[in-house]
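Me: I have a structure open and would like to go through it step by step. Could we begin with the ligand and then turn to the helices?
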Amino acid sequence: EQEKDALRDRFVYLERMEAVGKLAGGIAHDFNNLLHAIQGSLDYMARNDDPAARKQAVKNIDVATKRAEDLTGQLLAYARGGKYEVSRIDIGKLVRETEDLFRPMVANHHDLRVVVHPDPMFASGDRTQLQQVVLNLLLNAQEALPESQGRITVRVEPVLDHTPGWKNAQERSDSVCDFVIRVRDSGCGISPEVEKRIFEPFFTTKTGKGTGMGLAMAYGCIENHHGVLHVESQEGEGTEFFVFLPSASRTELPEILAATGD
Ligand SMILES: Nc1ncnc2c1ncn2[C@@H]1O[C@H](COP(=O)(O)OP(=O)(O)OP(=O)(O)O)[C@@H](O)[C@H]1O
Ligand SMILES: [Mg+2]
């Protein structure tokens, strides 16, 4: 009996260590992205004398530093047995903030467009994690573009029956979603063989450069948010990632009911 208990303890311990390893790997990865954002803003400042542009770059560095703090906070919270922090998130605003972080990294001959639907769009979840997802998708999009030219278009909008990708996404998931963040690039596209594997941890085609953790983390994160991460791609034409999310009112409701005892 005692032996069994010891074995179970050992098992729980190993499982926890594995989770910590995965989390640490993911956080290291996201941390790197933020360091790139800071480096991008610094390079930008070195090249620009315009006071307004420099002010914006300083602001970006400030935001990236705060995000990095949030990330280490997450790791510490986990080490203490805590969970992630849930709040009500204006996803249009979240995407705009991510745009500010990302813009200094966009090359001159690349075009970044962000289109946010005017309707209010609120999701419930962990702000830092969702922002990392969007940042990861933007970085992947950029890495897929040819050096000389290319376009990245981000859209935040309500989900309608005819929203591209939604029918296909629903075939894989029974989540009910209200909003979508679409990240589209005019890059190299993904072959069907590669597409099957992109969400696997450590799967990468960027030998020596990528960790292959970006999409695995994003996938896990969106699952935790009761959403769906979906991809559609045409080799040689480009790729679009879809982050489908339920509205805050939908995911908060059960908690409210539970709280009132109904
Ligand atoms: N927008 C995209 N266009 C083309 N291929 C993509 C795109 N996004 C992801 N991929 C493919 O999916 C793979 C996995 O992506 P993921 O973000 O998980 O890791 P990575 O980008 O290779 O590494 P890291 O994120 O650590 O830099 C990539 O190596 C690439 O082959
Ligand atoms: Mg990546």
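Reply: The discussion below concerns a predicted model, beginning with the ligand.

Me: Which residues come nearest to ligand 1?
Reply: The shell around ligand 1 holds 21 residues, and those that come nearest are Thr-204, Thr-205, Lys-206, Thr-211 and Leu-215.

Me: How does that shell divide into nonpolar, polar and charged residues?
Reply: Ten residues of the shell are polar, eight are nonpolar and three are charged.

Me: Which side chain has an N or O atom 2.5 Å from an oxygen atom of ligand 1?
Reply: That side chain belongs to Thr-205.

Me: Which element gives the largest share of the shell?
Reply: Helix α4 does, with four residues. At least two residues each come from α4 (127-144), α7 (214-224) and β7 (238-245).

Me: Changing topic, at what angle do α3 and α4 pack?
Reply: Helix α3, residues 91-102, packs with α4 at about 50°, and their axes are 10 Å apart. This angle makes α3 oblique to α4.

Me: Is the crossing left-handed or right-handed?
Reply: The crossing of α3 past α4 is right-handed.

Notes: Residues numbered from 1 in each chain as written. Chains lettered and ligands numbered in written order. Predicted model: local features only at pLDDT ≥ 70, side-chain atom pairs only at ≥ 80, totals over all residues. Heavy atoms only, no water. Near = heavy atom within 4 Å. Polar contact = N/O pair within 3.5 Å; in protein donor to acceptor, adjacent residues only side chain to side chain. Nonpolar A, V, L, I, M, F, W, Y, C, P; charged D, E, K, R; others polar. Axes fitted to C-alpha atoms, helices over the stretch in contact; angles between N-to-C directions. Parallel < 35°, antiparallel > 145°, perpendicular 65-115°, else oblique. Left-handed = near helix turned anticlockwise from the far one by under 90°.
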